[in-house]
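Welcome, and please load the model in your viewer. We will go from stop to stop, with something to select at each one.

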Amino acid sequence: MSNPQQLIRPDILALKAYHVQPAANMVKLDAMENPFGLPPTLCDELGETLGKLPVNRYPDASYATLKASLRRAFSLPDDMQLLLGNGSDEIIQILAMAVAKPGTAILSVEPSFVMYRMIATFCNMRYVGVPLKADFTLDLDATLAAIKREQPALVFLAYPNNPTGNHFEPAEIERIIHATPGLVVIDEAYQAFARDSFLPRLAEFDNVLVMRTVSKLGLAGLRLGYLVGAAQWLDELEKLRLPYNINVLTQHAAETVLGHIDVLNAQTQVLREERTKLFSALTTLPGIETFPSDANFILVRVPDANAVNAKLRAQGILIKNLDAAHPSLKNCLRLTVGAPEENQMLFEALKSALI
Ligand SMILES: *Cc1c(COP(=O)(O)O)cnc(C)c1O
């Protein structure tokens, strides 16, 4: 009889589980959620629809109606295929499993989304993280050199990037696409708040896929992500998707809400305006450095992130302390843009913590 230390892979034993902070009764500004929730009429419609579903049956395996809803709501290009995931996290895992030949690498930039590295480990792949410059723009020379050296099977670029909030230069991304021997996945998790997208340009490149999610848009609880790209890639990836990975409640809840996409669009419009207001308010605080954002969060650097985080928490405000996450994030905090009154509370709390 073996024990876990003997049986489990050493690289898994060495991992720390993804940490989620307890959030009961807190103003929750740590996870890039949409704060607004759905209007009562839409909740009633959801209740009606979900209440009638045959949960004793497996879901429609093709997801044809859900895919049609996604295509309509987000104007996805007709000549591209869709792959659905239980969150875009699952899509990252499907991509990695598909290319994980012995010795192959996933490459991304750092700091960026932590799941790229974690999933590389899960799949026994090498992970190469190329540091961004101090202002969090791409270090193009270093990235191209790493691509040449490591020959990655997969490159992930979050556009805009999490946790830094910025868009990388499209012309530099293009250079990376042309230099990469493998697939380049443009992760557009924050598309609802962004100024630009690679989706309209998909047909220009034969090694690019665009990944998105409805999480940051306002449906984080449903767990639904999608990958858009050419059939030659998606037909292969489809083989790795577990059957019925999108459950019947998610499928129909998403269809119902996407039928009222104007509701979510109005909410994200308010959040973009709130982002502008919060950003300019933050710039008036002493000792704070603010990084411009095209997402629904703002990265800031303060003199003592641990102290500020503790003071906010004592006032019931939950944010993400990134101080220990990466050397270039020393004393950085990531603030999710919330509802107007939440942003006001956050601002007042930061002000009293900093003055
Ligand atoms: C939040 C986030 C995701 C994960 O989205 P889910 O669909 O909720 O799994 C993917 N990529 C980036 C860059 C994110 O910030």
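How many bridges join strand 9 to strand 10? Select both strands and you will find three bridges, with the two strands running antiparallel. Helices (H or I, at least four residues) and strands (E, at least two) are DSSP runs here, numbered from the N terminus. Before moving on, note that this is a predicted model, in which local features need pLDDT of at least 70 and side-chain atom pairs count only at pLDDT 80 or more, while totals for chains, interfaces and linings use all residues. Residues are numbered from 1 along each chain as its sequence is written, and side-chain values use heavy atoms, with hydrogens and water left out.

**Stop 1**

Now widen the selection to the open sheet of four strands, ordered 9-10-13-12 with antiparallel pairing; two strands pair if DSSP finds at least two bridges between them. Strand 9 (289-291) and strand 12 (320-321) are its edges, each pairing on one side only. Next, select residues 305-314: this is helix 13, lying across strand 12 and strand 13 (332-336). Helix 13 runs at about 35° to strand 13, where axes are lines fitted to C-alpha atoms, for helices over the stretch in contact, and angles run from 0 to 180 degrees between N-to-C directions. Contact means heavy atoms within 4.5 Å.

**Stop 2**

Turn to the open sheet of seven strands, which has the order 2-8-7-6-5-3-4 and mixed pairing. Its edge strands are strand 2 (81-85) and strand 4 (126-131), and each pairs on one side only. From one strand to the next, the twist averages 25°.

Zoom in on strand 2 and strand 8 (residues 225-229): they run antiparallel and are joined by five bridges. Click on Gly85 to find its bridge partner, Gly225, in strand 8. Then show helix 4 (residues 64-74), which packs on the sheet and touches strand 2, strand 7 (208-213) and strand 8. The direction of helix 4 makes about 110° with that of strand 2.

**Stop 3**

Colour the chain by domain: domain 1 is 4-38 + 262-353 and domain 2 is 56-260, with bounds from an automatic or database domain assignment. Their centres, taken over C-alpha atoms, are 23 Å apart. At the interface, 32 residues of domain 1 are in contact with 29 residues of domain 2. About 2500 Å² is buried between the two domains, 64% of it from carbon and sulfur atoms; buried area is the accessible area (1.4 Å probe) that two parts lose on being put together, summed over both.

The rule finds one salt bridge across this interface, that is, a side-chain nitrogen of Lys or Arg within 4 Å of a carboxyl oxygen of Asp or Glu.

**Stop 2: salt bridges**

Select Arg195 and Asp294, whose side chains meet in a salt bridge at 2.8 Å, N to O. The whole structure has 17 salt bridges. For another, show Glu150 and Arg126, which meet at 2.4 Å, N to O. Glu150 lies in helix 7 (residues 140-150) and Arg126 in strand 4, so this pair ties together parts that are 24 residues apart in sequence.
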